[in-house]
Amino acid sequence: MRSLFPVTDLTTSTPGDEVRAGRPTGREGREPGRAVHEDRDSHADRERSLGNREWSLDELAEAYAYPTGLSAEGPRSAWLRANMVSTLDGAAQHDGRSQPISCAADMRIFGTLRALADVVIAGAETVRQEGYRPARAREAFAARRAAAGQGPAPAVAVVSGSLDLDFSLPLFTEPLVPTLVVTGSGAPADRIAAARKAGAEVVIAGEGARVDPARAVRELADRGLRRQLTEGGPRLLGQFVAAGVLDELCLTLSPMLTAGDAQRIAGGPGVTVPERFTLASLLEEDGFLFGRYRR
């Protein structure tokens, strides 16, 4: 993996630059027998210095760290980031799942983002399609989470107006941290009771059967869940975007084409005026681009 932005070295050259720039090579500049080896060695050194290797989990955690100072008393009580993957032609899924358009590096970043979050927010349809399980504690992040005052693993919050969920799944019966279900005040009483019986915490964040995205962010923050991560699906992300509460998008651009009619990363109602985000960082590995965009 290597960092493309921010640029860390504007003067770095690659083998062949001397020829393109008209600088002497071979007998005029250095011993011909050593030229190829020197180019290879210096190129390898440059690649290592620029980070073109597998990054450690600590390095990824530093690269994707949440902003500091999130608190009820501070200027910002929560930070909502999204993590999505898209093909070159805009598909967020293939055959209903994101895994076929992902890669090993994407999954390492996926795991890192989860390990940094207080809560992972997902829509009910995504939970069903992706076969969500409880977030697990990871030893590699234990010290970092403890220093940040976090529990051993993030909670999972499932957004559902109807609560049409299978509460016998491990997500509800075997979580390390109790799963939350975010719903509206008009959700069926029997489904609310079933969720609570399964051990889930019910969060009311809207009137009627509708969940208000902005209120969901506030309600979770009020429970101390300030570092928020949404993994979709597209409908839920679209609601966060339309409500103007998304702070950051972590987008993996997959070098694949799928055609078809797969969903984009965000769906639902559009915004009146497109909102521009700023590129914060850009990583690359094996043709996959990993961008971070902030409001």
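1. Accessible areas here come from the Shrake-Rupley method with a 1.4 Å probe, and for residues only the protein chains shown count as cover. By that method the protein chain exposes about 15400 Å², with carbon and sulfur atoms supplying 52% of it. Before going further, please keep in mind that this is a predicted model, in which local features need pLDDT of at least 70, side-chain atom pairs count only at pLDDT 80 or more, and totals for chains, interfaces and linings use all residues. Residues are numbered from 1 along each chain as its sequence is written, and side-chain values use heavy atoms, with hydrogens and water left out.

2. Next, the overall make-up. The protein chain has 10 helices and 10 strands; these are DSSP runs numbered from the N terminus, with helices being H or I of at least four residues and strands E of at least two. Of its 295 residues, 41% count as buried, where buried means under 20% relative accessible area, exposed over 50%, and partly exposed in between (1.4 Å probe, protein chains only). Among contacts (heavy atoms within 4.5 Å) between residues at least 6 apart in sequence, 70% join residues at least 24 apart.

3. Do have a look at β3 (residues 119–123), where 5 of 5 residues are buried. Val119, Ile121 and Gly123 point one way from the strand, while Val120 and Ala122 point the other way. On one pairing, β3 runs parallel to β4 (residues 155–159) and is joined to it by 5 bridges; another pairing, also parallel, links β3 to β7 (residues 227–230) over 3 bridges. Isoleucine 121 takes part in both: its bridge partner is alanine 157 in β4 and threonine 230 in β7.

4. Strands β9 (residues 278–285) and β10 (residues 288–294) run antiparallel and are joined by 7 bridges. Here serine 281 stands opposite arginine 292 in β10. In the loop between β9 and β10 sits aspartate 286, whose phi is near 50°, a positive value in a residue other than glycine. Aspartate 286 counts as exposed because its relative accessibility is 68%.

5. Two other backbone details deserve a glance. Most residues other than glycine have a negative phi, and most peptide bonds are trans. Leucine 163, in the loop between β4 and α7 (170–173), has a positive phi near 60°. With 0% relative accessibility, leucine 163 counts as buried. The peptide bond from phenylalanine 5 to proline 6 is cis, with omega near 0°, and proline 6 lies in the loop between β1 and α1 (17–20).

6. Which residues does serine 254 contact, leaving aside its neighbours within four places in sequence? They are Val85, Ser86, Thr87, Leu88, Ile101 and Phe288. Serine 254 belongs to strand β8 and, at 0% relative accessibility, is buried. Methionine 256, in the loop between β8 (248–254) and β9, is partly exposed at 28%. Not counting residues up to four places away in sequence, methionine 256 touches Thr87, Leu88, Asp89, Pro100, Ile101, Ser102 and Phe288. Methionine 256 and isoleucine 101 are 155 residues apart in sequence, yet 7.0 Å apart in space, C-alpha to C-alpha.

7. Finally, the largest pocket. A pocket is an open set of points on a 1 Å grid over the protein atoms alone, where a 1.4 Å probe fits, with protein on both sides within 12 Å along at least five of seven lines; lining residues have an atom within 4 Å of a point. About 830 Å³ of space lies in this pocket, the volume being the space filled by probe spheres set on points joined across faces, edges and corners. Its lining has 35 residues, and Met107, Phe110, Arg114, Tyr132 and Glu231 lie nearest its centre. At least two lining residues come from each of β2 (79–87), α4 (104–116), α5 (124–130) and α6 (139–147), with α4 giving the largest share, 7 residues.

Definitions and conventions: Two strands pair if DSSP finds at least two bridges between them.
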